[in-house]
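Open your viewer and get ready to select a few side chains.

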Amino acid sequence: KLTAKAHSFDELMSGSDMPEPVSIAACDPWSIMFTSGTTGVAKGVILPHQQISSAAWDTVHDLDMDETSVFYTFNPLFHLNGLVFGPMAAILAGGKTVIRQDFPRERTLEDLRQSGATHWVVLPFMIREMLAAPERTDDADNELRIVMSIGLTETMITDFQQRFDCKLASGYGSTEAGMVCRFQTQRPASAGRVSDRCEMRIVGADGRDVDPGETGEIWVRTRQPFDCMLGYYNMPEATAAAFNGEWFKTGDLGYLDQDNYLHFSDRLKDSLKRRGENISTFEVEKALLTYPGISGVAVVGYGQAPDMDEEVRVFIEVSSAAREKFDYGNLVRHCAQNLAYFMIPRFIDLVPELPRTSLGKIEKQKLKEIPLYKTTFDVKTSGIIVER
């Protein structure tokens, strides 16, 4: 029977009452981290020591961390986002980590100041909330150097950097494959360039590599042994299905531009096909999030039968006051100005809050199972005419 023990930091540093050292190899399992489960059943990912070490080491170097760095996080430590990009990177750099139990919301900037945070990994909806708050003359009065986020528009990036006097960085990775594109500040609207630890392919539905600029599934192969997961815990079939030889199929869609920067397009399971046209829910969501008063968006497919094309359905997170005077016509016109005709949502639902995981990611699988409400707005039957 195992008995839980707690040691103070001073006891650990003194070396008293410590167990015998254990020999650890790069290939040995370090932990089982679960995927977010936003598009299906969460899977336990068996991660080796080498992968975790690589991710923490690269974070330190990519973000110029040193003994003066203070990494701030309120992400749960049972996710790589909170653990590797926080405590582990800070330990390697000789710096500090500030760990909060909860997201302080309207007190975020104040808490960042009080903690002396220099580095922060944050989901895009938190960036939007900070930008939506009334501007203050002391917004730039903080110690932030680099804030890591994804899925932001060029305008959001520029506004945030100027207002809070810091740099935004982006990268791309997964629990299974680690950091595929290392953090970079040169083009934060992209996902960056592939890490020197990896090789990348963008693969079409026919299994062949697509041309630059074309969207396909992102496949990854690590150059160094054990920089990728060992497999899914007790799921051998899922493990086998995730690989094509040595290549890990991320389940993400993206494309490489002419300068070899990766641009994330969508999750493969989230992408839609409507009247023969492929639709990136990620692109639709980015366009909707530029509409005033919207704090969160989730785009899913709604189909009446398995053999029919899906209609685009959007769940929009707005306050109760905004719901009472919401102008659907203006929203549709906004979509028409920013999206192709076939990407404009047909069904619109206003909700007070979107379902999110402990990490803050929207649980789309739950939304896909919801039938149309009586209050669901149908653009097709509303009389709103959208010009092609």
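Start by selecting R356 and F125: the charged end of R356 sits over the ring of F125, 4.2 Å from its centre. A charge counts as sitting over a ring if NZ of Lys or CZ of Arg is within 6 Å of the ring centre and within 35 degrees of the ring normal. This is a predicted model, where local features need pLDDT of at least 70, side-chain atom pairs count only at pLDDT 80 or more, and totals for chains, interfaces and linings use all residues. Residues are numbered from 1 along each chain as its sequence is written, and side-chain values use heavy atoms, leaving out hydrogens and water.

Rings of Phe, Tyr and Trp (its six-membered ring) pair if their centres lie within 6.5 Å; planes under 30 degrees apart count as stacked, over 60 as edge-to-face and the rest as tilted.

How many aromatic pairs does the structure hold? There are 13. Zoom in on Y72 and F74, whose ring centres are 5.9 Å apart with planes at 85°, so this pair is edge-to-face. Y72 is buried (under 20% relative accessible area; exposed is over 50%, partly exposed in between, with a 1.4 Å probe and protein chains only), at 0% relative accessibility. F74 is buried too, at 8%.

Next, select F85 and F183, an edge-to-face pair with 5.2 Å from centre to centre and 75° between the planes. Both F85 and F183 are buried.

Finish at K43, whose charged end sits over the ring of Y232, 5.3 Å from its centre.
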